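Please read it beside the sequence and the coordinates.

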Amino acid sequence: MAIDNLFPYAGNNAIQNVVFAIEWAEQLETSELHIIRGLHESPVNREFRKTFPQVQEPRMLMIKINQDSAGQSVRSNNVDELGGVNFVRPSVNTVGAASKALNVSRQSCMAVISEYTRWDLVWLEVRNWLILVMPTILKKRPVTTFGLQYTDVFQWKADPASLVVSEVLSKNSDYLPKNVFDSKSLWHSHHGFLKKEQAPIPHDLLENVNVNMLENNGQRSIQIVTSHRVTLATPLWKVDEPLDQLMPSLHLRNKAIIGNLLTPAVQATIKLNG
Amino acid sequence: MPANPCRDFFALNATNRDFVKGLQKTPNPVAWETLSASDHSPGPVQPGELLYRQVMHPIHVDVETRSLKPTAFDDAANKGLSVERLSHVALADIQQAGRDRAAAQRKLGVSHADRKLHAVAELSADEIRAILDENQQRGFAIFDTANCENRAHADICQVVSTRKSGRSVRSQLIEAVRSLIEE
Amino acid sequence: MMEPISISTLALIAGFMVAPTPTRLREWQVKAYEPPAPKIAAATDWLINPNVITAPSQDMAATFANQMPVLDRMGAIALEMELYGSLDAGWDGPDSQVPSQENIQDALTLLAKLPAGLPLPKPMLSSTGSIGLYWDTQKVFADIALEGNGRFSLFTRLKSGDRTETFADDVKVGGIETGWFAQNLAVLFDA
């Protein structure tokens with residue numbers, strides 16, 4: 001078959017990683033970051049601690065620039081501050097990569113899964129992490145943005161010349177220019193669009209569909225990064241219900257876009273429709 | 001003293017690192033579970049007992065799922081899968097004994113550098129004895145192979161001998177792990 | 001006196017020099033992180049101890065470096081099996097053995113023959129030096145054992161329903177292709 005040499009990144013799915021993001025406008029205080037850091041040590045959060053055996057505290061360097069008597073700018077009193085808290089589950093496959101991570105910075109919270117199984121299992125787990133950390137954040141500021149981003153990778157394990165793009169990506173796709181199907185070399189197609197939505201909560205939905213034909217050590221791969229960013233019309237002081245409403249719908253949006261990009265044969269390989 | 005073929009077998013095979021093959025050739029090894037395998041033993045392994053297996057090498061653990069790999073219990077098919085009987089020793093003592101054993105082995109050299117108690121796996125005697133192969137034959141028998149230093153010691157032994165049955169019951173034994181208590 | 005200016009502010013100022021495209025979404029970056037002790041992954045470096053560590057001071061910007069994994073997941077499986085070969089006799093206590101290089105190569109050959117669309121297997125090694133691959137999903141258990149002399153066996157078991165088991169024994173590694181696995185591991189496609 002034409003796609004016998006096309007291997008989804010994770011065997012029966014192509015997801016290299018998925019990112020769940022929440023953002024807010026007003027920066028967290030250092031004391032709030034310490035509270036979030038402390039969640040890891042709390043006896044009631046044993047499962048959280050087991051999930052993330054490592055915690056990192058990246059620093060932020062604040063450079064103060066003053067003027068001396070001659071009007072020259074001089075650096076002084078640099079302040080080394082806590083920039084965020086990263087809860088990490090190291091990957092057993094790759095040194096320096098995480099299989100799961102929860103990164104809280106001064107203006108965002110990102111949950112990253114690199115070893116994706118199924119949506120219902122992944123979302124259940126990520127939701128629990130977000131529900132754990134968000135109350136601290138929401139005490140003093142509302143959230144403004146939710147986001148979901150998938151990175152899918154398909155590897156072509158044969159001579160690049162034998163890869164027929166139209167066997168993998170659909171010629172009828174709404175998100176690809178025509179010339180990619182004639183190309184035997186590398187290309188990228190990055191497309192973004194904004195839409196105003198009212199349901200389930202009024203928001204602007206910004207979506208990017210970035211498709212890259214890559215080559216690494218002579219091996220071709222197709223990388224698809226689909227990002228969905230929800231900017232709320234009105235910032236929210238509670239997130240439980242919005243998360244439950246928005247994230248599953250963004251996931252379905254993602255499936256629809258991926259389905260629109262891929263040929264039926266490739267969709268079947270990753271059981272896109274179950 | 002009445003005849004005890006179970007005790008006689010284990011005495012005869014005390015240094016045999018592949019005794020399970022011989023056990024599989026006996027007419028009815030499962031019937032021996034009611035007999036004591038050792039004079040040091042407090043008695044045969046009873047229904048309801050919990051058994052603990054020390055996991056001494058990270059190779060046997062799937063770190064992603066925090067579960068044991070099928071090969072973790074391969075000893076059951078050759079030299080017997082050593083376990084400790086909670087009815088006769090405290091969990092803390094089982095864990096400490098594992099740490100001490102690993103420390104002693106690490107002194108043997110570089111090749112043993114990774115010996116360390118990583119976890120203890122909890123198993124139920126009842127659930128192990130409920131494991132059947134495709135022909136509804138018992139997969140394992142559990143014997144009270146205590147010794148003079150450890151009266152809580154027991155062995156889980158695979159009693160089916162065909163390769164297909166062996167693979168079947170091995171996979172079920174891993175599924176029978178009730179919990180993995182990590183260090 | 002000038003107000004202190006943070007790096008993030010400097011970056012923001014620089015950003016205003018180029019008008020952003022309103023529909024271009026800056027991708028959320030999957031960060032690299034600093035391992036607790038810089039080292040090459042050792043042959044037995046599987047379990048991670050739950051150590052709490054504090055990273056050294058570093059610029060926030062550096063933590064947003066987008067780092068692709070060194071290996072794809074299939075490559076990581078292959079590497080783990082190759083590393084089994086670097087173990088020493090006695091690695092798992094007295095009498096434990098290492099796998100033969102022939103069996104490791106056979107396992108790698110089989111790994112390369114697995115069809116697309118299967119869940120990824122996991123490698124395993126017994127204390128007797130027996131190397132294999134296995135799948136343990138909600139619905140199916142399956143494992144491959146390298147038997148030596150270029151042979152392997154495949155076992156599958158459904159975990160529910162009629163709990164059907166299959167066993168293919170004494171199969172030549174060199175005698176089968178991807179299609180053989182597609183047929184004999186068909187239960188895994190729905191797992």
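In this predicted model, chain A is built with 6 helices and 12 strands. Its C-alpha trace spans about 70 × 50 × 40 Å along the principal axes.

**Chain A overall**
- Chain A has 274 residues, of which 39% count as buried.
- Of the contacts in chain A between residues at least 6 apart in sequence, 65% join residues at least 24 apart.

**Domains of chain A**
- The contact draws on 18 residues of domain 1 of chain A and 19 residues of domain 2 of chain A.
- On the domain 1 side of this contact in chain A, the elements that give two or more residues are β2 (15-24) and α5 (240-261).
- β2(A) gives the most to that side, with 9 residues.
- By class, the side of domain 1 of chain A that touches domain 2 has 12 nonpolar, 3 polar and 3 charged residues.

**Hairpin in chain C**
- Strand β1 (residues 122-125) and strand β2 (residues 131-136) of chain C pair in the antiparallel sense, over 4 bridges.
- Lys122(C) stands opposite Tyr134(C), which lies in β2(C).
- The hairpin of β1(C) and β2(C) has 5 residues between its strands, and Gly129(C) takes a positive phi near 85° there.

How values were computed:
Residues numbered from 1 in each chain as written. Chains lettered and ligands numbered in written order. Predicted model: local features only at pLDDT ≥ 70, side-chain atom pairs only at ≥ 80, totals over all residues. Pairing = 2+ DSSP bridges. Buried ≥ 20, exposed ≤ 12 C-beta atoms within 10 Å, placed from the backbone. Contact = placed C-beta atoms within 7 Å. Nonpolar A, V, L, I, M, F, W, Y, C, P; charged D, E, K, R; others polar.
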